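I opened this notebook to keep track of what I looked up, one topic at a time. The entries go from the whole chain to single residues.

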Amino acid sequence: MKKKILITPHHLTESKAKKLTRTHKKILVTGGAGYIGSHAVKLFLEKGYEVVVFDNLFRGFKEPIQILKKIGKLSFIQGDLRNKVDIEKVFRTHKIDCVLHFAALCLVNESMENPGLYFENNVCGSLNLFEAMKKFKVGKIIFSSTCATYGETKYLPVDEAHPQNPVNPYGESKLLVEKMLPWYETFGLRYVILRYFNICGAATSGIIGDSKKPSQLLMQNAVRGAMGIEPFAFTCAKVKTPDETPIRDYIDVEDLVEAHFAAYEFLRVGGKSDVFNLGNGKGYSVKEIVSEVEQNFGVKLKKVKAPARKGEYAKIFANPKKAQRILKWRPRKSIADSVESLKKWYDGHPDGYEK
Ligand SMILES: NC(=O)c1ccc[n+]([C@@H]2O[C@H](COP(=O)([O-])OP(=O)(O)OC[C@H]3O[C@@H](n4cnc5c(N)ncnc54)[C@H](O)[C@@H]3O)[C@@H](O)[C@H]2O)c1
């Protein structure tokens with residue numbers, strides 16, 4: 001039999017030819033107008049993919065979409081996952097190769113106050129997405145899950161086999177979605193579940209970042225405090241750790257989205273459905289992060305007292321070896337790098353994006 005030869009015009013290098021092939025693959029990013037999703041959009045555009053963002057703009061913004069349109073081919077569709085018609089329309093109009101599913105509500109405290117909102121938005125929204133994918137035969141998904149599905153830790157560092165006993169409705173809603181995915185495998189859906197630990201930082205260039213007001217994320221808030229944008233408040237509960245503040249595993253948003261690209265490559269070449277922790281494997285207490293920010297800025301933060309958040313636990317950090325081994329992914333950015341990127345981001349956007 002004759003061997004098939006891929007004919008590339010001689011003026012194209014092999015890598016340019018590969019990039020051209022990629023531009024024909026469309027990636028759907030739900031929640032792509034939000035913090036982490038917009039960083040993933042940026043990366044996939046830079047890699048030469050065409051991206052479709054689907055977002056209801058409840059917590060997301062149009063501004064990052066406008067900024068990112070300058071990088072590559074990006075379409076934006078405003079719609080709500082809770083509305084089947086909205087999401088089906090996306091698959092009817094775009095041939096999607098893979099879905100990166102970020103769209104969710106993700107505030108632990110809010111979920112304790114309003115669990116119904118979390119189950120409706122995160123669980124029913126995901127169900128509508130999976131059903132639409134089944135209907136339109138889209139066979140790859142990367143799902144943003146969380147270490148909040150583990151709850152109080154039985155051992156550290158936490159690997160993927162650790163029992164999952166969420167202690168808040170947010171974590172429970174994500175666990176329910178995780179549990180739905182294997183039931184869709186029979187219909188040809190391959191998935192990667194990524195359980196993120198604590199996310200920090202912004203794009204190194206500072207062009208996009210986290211615009212939640214006020215941010216719910218510690219490092220973001222500490223940097224805003226150090227820059228004099230708003231007072232810094234300790235919102236953590238007193239817990240059983242050496243300095244009585246919660247210990248978490250911080251991972252930079254650019255490292256995190258690189259893992260999504262690795263997961264996409266894994267699925268693209270036929271990888272089987274799997275789940276991976278995404279963390280650094282090292283725990284920092286709240287006080288340690290605050291002092292890192294203080295050192296970087298050479299200031300002492302004025303700490304305002306605020307009510308402690310509900311639904312928080314004492315200590316968690318990841319065993320990220322599985323992602324390192326199988327996805328060949330390694331975080332590169334240090335805590336200091338993340339602080340630097342936040343400084344750049346808030347310099348240009350002290351009030352975040354415009355609504
Ligand atoms: N930020 C973290 O520290 C963290 C940690 C672990 C996991 N995660 C997960 O990562 C994902 C992204 O988090 P983020 O910090 O970027 O949040 P974000 O709020 O900035 O982004 C989420 C986006 O989803 C959109 N969205 C929400 N519900 C929707 C719906 N029903 N239909 C359409 N769009 C909808 C919002 O408008 C927003 O733009 C979430 O799934 C979250 O659970 C985040």
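What follows are my entries, beginning with the kind of model and its overall build.

**Entry 1, the model.** I note that this is a predicted model, in which local features need pLDDT of at least 70 and side-chain atom pairs count only at pLDDT 80 or more, while totals for chains, interfaces and linings use all residues. Residues are numbered from 1 along each chain as its sequence is written, and side-chain values use heavy atoms, with hydrogens and water left out.

The C-alpha trace spans about 70 × 45 × 40 Å along its principal axes. The radius of gyration of the protein chain is 20 Å, which agrees with the value near 20 Å for a compact globule of 355 residues; the radius is taken over C-alpha atoms, and the globule rule is 2.2 Å times the number of residues to the power 0.38.

I then turned to burial and found that 53% of the 355 residues count as buried, where buried means under 20% relative accessible area, exposed over 50% and partly exposed in between, with a 1.4 Å probe and protein chains only. The accessible surface comes to about 16,800 Å², and 54% of it belongs to carbon and sulfur atoms; such areas come from the Shrake-Rupley method with a 1.4 Å probe, and for residues only the protein chains shown count as cover. Among contacts with a separation of 6 or more, 79% are between residues 24 or more positions apart, contact meaning heavy atoms within 4.5 Å.

How many residues of α8 are buried? I found that 9 of the 9 are, so α8 is largely enclosed by the rest of the structure. The buried residues include Gln 220, Asn 221 and Arg 224, and the cover over the buried residues of α8 includes α2 (35–46), β7 (198–200), β8, β10 (250–252), α10 and α12 (335–348). Just after α8, Gly 228 takes a positive phi of about 75 degrees.

Axes here are lines fitted to C-alpha atoms, for helices over the stretch in contact, and angles run from 0 to 180 degrees between N-to-C directions. Leu 218, Met 219, Ala 222, Val 223 and Ala 226 of α8 make the contact with Val 286, Ile 289, Val 290, Val 293 and Phe 297 of α10. By class, this contact of α8 with α10 has 10 nonpolar, no polar and no charged residues; Ala, Val, Leu, Ile, Met, Phe, Trp, Tyr, Cys and Pro count as nonpolar, Asp, Glu, Lys and Arg as charged, and the others, Gly among them, as polar.

**Entry 4, helices α4 and α6.** I found that α4 (residues 84–93) and α6 (residues 115–135) pack at an angle of about 35 degrees, with their axes 9 Å apart. From α4, Lys 84, Ile 87, Glu 88, Phe 91 and Arg 92 meet Asn 128, Leu 129, Ala 132, Met 133 and Lys 135 of α6, and the residues of this contact of α4 with α6 divide into 5 nonpolar, 1 polar and 4 charged.

Which residues does a cis peptide bond join? I found Leu 156 and Pro 157, with omega about -10 degrees, and Pro 157 is placed in the loop between β5 (140–146) and α7 (169–185). Leu 57 has a positive phi near 60 degrees; it is in the loop between β2 (50–55) and α3 (63–68) and is buried at a relative accessible area of 14%. Glu 244, in the loop between β8 (232–234) and β9 (247–248), has a positive phi near 65 degrees and is partly exposed, with a relative accessible area of 40%.

Ser 144 lies in strand β5 and is buried, with a relative accessible area of 5%. Leaving aside neighbours within four places in sequence, Ser 144 is in contact with His 101, Phe 102, Lys 174, Leu 194, Tyr 196 and His 260. The C-alpha atoms of Ser 144 and His 260 are separated by 9.3 Å, although these residues are 116 residues apart along the chain.

Ser 285 lies in strand β12 (residues 284–285) and counts as buried at 2% relative accessibility.

Note on methods
Helix = DSSP H or I, 4+ residues; strand = E, 2+ residues; numbered from the N terminus.
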